[in-house]
Amino acid sequence: MRRRERDEDLEAEIATHLEYSMEEYLRQGMSVEEARRRALVELGGIEQAKELHRDSRGLPFLDTLFQDTRHGLRTLRRDAGLALFAVLVTGLGVGASSTVFNVVNALMLRPLPFDDPERLVWIANDLGEGMSAQTVQVSNLLEFRSQNQSFSDVAAYFAFYGVGDSKLTGTGEPERLTNVPVSENFFPLLGVKPVLGRQFSADECKWNGPRAVLLTHGFWVRRFASDGGIVGRPLTLNGNPVTVVGVLPASFDFGAVFAPGTHVDLFSPFPLTKETNRWGNTLGLVGRLKPGVGLGAAQAEAAVLGKHISDSDRNRNALRPALTMLHEHVSGSFRSTMVLLVCAVGMVMLIVCANLSNLLLARSATRQKEMAIRAALGAGRGRLIRQMLTESLMLATCGAALGLLMATAATRVLVRFDAISIPLLSQVRVDGPALGFALLIAVATGIAFGLMPALRVSSLSLHDTLKESSRGSTEGQSHGWIRRTLVVCEIAFACMLLAGAGLLIRSLTRVLHVNLGFEPQSAAAVRIDPNSGYSTQTRRNSYFDEALRRVRSTPGIHGAGLTDALPLGRNRSWGLAPKGRTFTRDNYPEAYVRIISDGYFQAMGIAMVEGRDFAPTDTPESEPVIIVNETLAKRMWPGESAVGKLMQTDRPERRVVGVVRDVRHLALEKDAGMEMYLPMRQTNDYSMVDLVVRGIHTPAGLAAAVRSALIPLDPTLPANEFRSIQGLVDKSVSPRRFLVVLLAGFAGFALILAALGIYGVISYSVNQRQQEIGIRMALGASAGDVQRSVLMQTIRLAAVGMALGLVASWVLGRLIRGLLYDVGASDPVAFGAMLVALGLVASLAGYLPARRASKLDPVVALRAE
Amino acid sequence: MKKKVDLLQGTLDVMVLQTLSVMGPLHGYGIARRIEQTSGDQVVLNQGTIYAALVRLQQRGWIAAAWGASENNRKAKFYSITRRGLKQLAAETDQWRKLADVMGRVLSVEPGGEQ
């Protein structure tokens, strides 16, 4: 619009100018035509004036941009193959970068989805390994809360909640739900407000107070179809009526922050009273710092306070508070993984840019004539560079759009991946920052791979390129070193990615081959808590006996046993002491405890080293017995057999009747520590019961068989939750596996690009040297000689790249040592595999041009330009 | 080709500013005519370049333009110099004088000796 106005303006001005001019000439006595002609000559050409005018006007930038874009589209359409390849490769690179960015954003950059999250602090107990050593006792929490000066409030949740502990019966299908008990101030401290209903009341947080629950948003939508009338409705949980007092917002995801990979369905109030105090260390704490108080000051105060509280009452568990910022606690352990991913994806992008730069450089050779003509017509160097950059930016933007689509799809897949226990993974999404990042990457990439070709093309002098014989080996030479350097860089980066992936794959294999102490294949577990009808120990024992009998007699099942805690899940530890020995409170031995039935070891595939398994004869009336693991036996009774010895734990005396192999129950990478097993018939101290079966069916088949065996015994057996033991192991390894998959993908992509880069450079070189090859063949070189010389050229190129890459990979190995397991930082297998892979790929990439060179007809080659 | 235009652009700008500061508001034809006259017809202008120069000077804020009526009631676009333009003119004049001075001294040295 404004353009036309200005054009009209100018027309008017020029018209006036001509009028004046003509007037003067008319006054001088010329004829009208003569006057007009003179006036026009004097003005110097209207069109040129208009052109000059337009050139100086505002917004020339936009005009030339449109021009460049149109021209660029025409050029790219001519070379559609190249354009498609560039868009695809850029798309893959940007897709990978965007996905990694989204994950890093969710885990590291974005603040936690709570009110004022930078003041939230995770307060753990620092007494050792295992959940019992890292949680806090109720009385300690209450003392800490009242005496400290750094926190405006401290809230808690019951860390020993069981997944699937709450059985929902009544209307509809019976279902196992996960319930997390929380303190009254838990949601208010985090700033989470229910979308329906209200928070817990003080009454409900008393011991034996009215039972209330808050539903999570997901559970409410799934089970109650977002029914608005849910507030106030009673539900039956574990046989008891509870009232729904509210529904939490969809943005609140307990599992994402506190328990990665876990789905929580509802929350109940946890009373902080002397009754719950008796349970020992049970609480996970979150505190909100007062404004102006730093973490260091709070930690110093907490250390002093902890000692004071521990010393003031010897009957309580010790309190040694260890404070970390909540965000750090949640995702801090993943920092090195994230850094590695970012570096890896950065290398991928660099390889993409190097590759495309090479391609465009090769293409620029054919565009020199076009550029030379434009330069002759008056285009400045800046203009030419702008033209070429516009083209590369167009390619990059298209690629980025494609990449963004891929990243969106990938993000959607990741979010649904429950199987990966990485915190905050469910919060990964494509949002503003993601789009901004993609745009930034697109521009940076476009400039990065477009700049070199643009500079190269525009700097060539007019004369050389307009001459007919533009073959010149000198020109090939000057291009050559840049392209070769780019390919060498590509190879080096590909080396690093391959080495990194190789090391991590080796680590993963080592982790998976660790001796777990149990056999996860062909085993599965299902919850069979006795319902409230079985109120006494005797009745429960007979329920267990009956259940085991039924299941064991089902065809296809080799072993069955019960346990209250599966490996790689939650754990708890108790103190113990061999009879006759005393310890101080600070070095009291602790062991992980499991309540099991006979048959458990067989079902889990845990080997017995000495002594015997529990038997139906171990009843409440017979002698209290216990089975320990090898580590405990060695530590408490070094040099002797533990069988027959007496020890004190929940009872003053238990006799050791068996020793079993250590089980890696904390994590595959961690040692077992001391473990002990108590017979289910002789104790009450369990809150859930898992039935473990081993058989020839698949987990689904086992599930069906067990269900049919048990339904007559317990008609309210819920349908869900048959977990395969292998699944537990897989989930525990999932973050490691996730990283390996990603890195292997990047490495594969890098390898392909490096191969293409090598192919491009060698192919180009063969083209340039056609005359030389022709001469050599005419002078007697055979096809084989030519082929060999090209291959040698390839190998030399690859060797330089691999040498650089090897050094870089060695450094990389050192840097990621923290992520490796049982694998050296310069593991020869991984490095060897990398060298072999690259060598093979390079040879293959060079083979095709080599063949082409050897097939050249010398006569044709000699005449080639 | 480009270099010549560059040189002329700079000098033409100064000439236009000077003309406007002396003559007051003037239209494009008038400016071109005046420059030819005052340079004693030494400068043979491609008059079309005037309009490009006028736009440039406008963009930099050294002159302002307004449509108005000329002596014989013709509609024409009149240009006038702004305060910033006056400052620029003063600076450029100073620079030209210095340049002329230096060049004069350097070029007046006789071959083979001092002045």
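In which sense do β6(A) and strand β11 (residues 266–269) of chain A pair, and over how many bridges? Some notes, starting with that one.

1. **The β6/β11 pair.** β6(A) and β11(A) run in the parallel sense, with 4 bridges between them; two strands count as paired here if DSSP finds at least two bridges. Have a look at A:V180, which sits opposite A:F267 in β11(A). Strand β6 of chain A covers residues 179–182, with A:N179 and A:P181 pointing one way and A:V180 and A:V182 the other. All four of these are buried (under 20% relative accessible area; exposed is over 50%, partly exposed in between, with a 1.4 Å probe and protein chains only).

2. **Ground rules.** Keep in mind that this is a predicted model, where local features need pLDDT of at least 70 and side-chain atom pairs count only at pLDDT 80 or more, while totals for chains, interfaces and linings use all residues. Residues are numbered from 1 along each chain as its sequence is written, chains are lettered from A and ligands numbered from 1 in the order in which they are written, and side-chain values use heavy atoms, leaving out hydrogens and water.

3. **Confidence in chain A.** Mean pLDDT (the predictor's confidence in each residue, from 0 to 100) is 85 for chain A, and 93% of its residues reach 70 or more. Watch residues 468–476 of chain A, though: pLDDT stays under 50 there, and the model has 11 contacts beyond four places in sequence for that stretch. A contact means heavy atoms within 4.5 Å.

4. **Two helices in chain A.** The axes of α25 (residues 783–815) and α26 (residues 828–854) of chain A come within 8 Å and cross at roughly 155°. α25(A) and α26(A) are therefore roughly antiparallel to each other, a label used for angles over 145 degrees. The axes are lines fitted to C-alpha atoms over the stretch in contact, with angles running from 0 to 180 degrees between N-to-C directions.

5. **Chain B layout.** Chain B has 4 helices and 3 strands (DSSP runs: H or I of at least four residues for helices, E of at least two for strands). Along the sequence the pattern reads α-β-α-α-β-β-α. Of the 115 residues of chain B, 35% count as buried.

6. **The chain B sheet.** The 3 strands make an open antiparallel sheet in the order β1-β3-β2. Its edges are β1 (26–27) and β2 (63–69), each pairing on one side only. β2(B) and β3 (residues 75–81) of chain B share 7 bridges in the antiparallel sense, and B:A69 stands opposite B:K75 in β3(B).

Notes: Parallel < 35°, antiparallel > 145°, perpendicular 65-115°, else oblique.
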